[in-house]
Amino acid sequence: YESMSEKQVSKEIKRLEKAMIDHAKNLEFEKAAQVRDQLRILKEQLFGAGGSDNVVPIARG
């Protein structure tokens with residue numbers, strides 16, 4: 001992925017996201033999870049992003 005242009009990477013991310021959604025719609029949850037993991041690895045390699053939200057809940061007192 002590192003040799004891909006920014007546009008190519010964006011297309012690949014969109015392709016993987018669509019594949020993940022399609023697998024989930026077809027009740028192919030294991031395949032959807034595999035694609036999700038590929039997306040996470042790609043995002044970590046390229047952006048240093050973990051793929052999860054970095055939202056910290058606010059404590060109420």
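**Note on a predicted helical model**

1. Asp22 is partly exposed, its relative accessible area being 30%. Asp22 belongs to helix α1. Its side chain is joined to that of Lys18 by a polar contact of 2.8 Å. Asp22 also lies 7.9 Å from Ala32, C-alpha to C-alpha, although 10 residues separate the two in sequence.

2. The largest nonpolar core consists of six residues, namely Val9, Ile13, Leu16, Val35, Leu39 and Leu42. Two elements, α1 (6-25) and α2 (29-47), each give two or more residues to this core.

3. How many salt bridges does the structure hold? There are five salt bridges in the structure. One of them pairs Lys43 with Glu17, with 3.7 Å between the closest N and O atoms. Because Lys43 lies in helix α2 and Glu17 in helix α1, this pair ties together parts that are 26 residues apart in sequence. Lys43 is partly exposed, at a relative accessible area of 25%. Glu17 is likewise partly exposed, with a value of 29%.

4. Further salt bridges involve Asp37. This residue forms one with Arg36, the closest N and O atoms being 3.0 Å apart. A salt bridge also links the side chains of Asp37 and Arg40, at 3.6 Å from N to O. Arg40 and Asp37 are three residues apart in helix α2, so about one helical turn separates them. Through salt bridges that share partners, Arg36, Asp37 and Arg40 are joined into one network.

5. Arg36 is partly exposed at 39%, and Arg40 counts as partly exposed at 34% relative accessibility.

6. A final point concerns the database record. The UniProt annotation "domain: UVR", taken from an unreviewed entry, covers residues 10-45. In the model, this span is 92% helix and 0% strand. The C-alpha atoms at the ends of residues 10-45 lie 14 Å apart.

Conventions. Residues are numbered from 1 along each chain as its sequence is written. This is a predicted model: local features need pLDDT of at least 70, side-chain atom pairs count only at pLDDT 80 or more; totals for chains, interfaces and linings use all residues. Side-chain values use heavy atoms; hydrogens and water are left out. A nonpolar core is a set of buried Ala, Val, Leu, Ile, Met, Phe, Trp, Tyr and Cys residues joined through side-chain atoms within 4.5 Å. Buried means under 20% relative accessible area, exposed over 50%, partly exposed in between (1.4 Å probe, protein chains only). Helices (H or I, at least four residues) and strands (E, at least two) are DSSP runs, numbered from the N terminus. A polar contact is a pair of N or O atoms within 3.5 Å; within protein, one must be able to donate a hydrogen and the other to accept it, and residues adjacent in sequence count only if both atoms are side-chain atoms. UniProt positions are given in the numbering used here, feature names are shortened, and annotations may be inferred rather than shown by experiment. A salt bridge is a side-chain nitrogen of Lys or Arg within 4 Å of a carboxyl oxygen of Asp or Glu.
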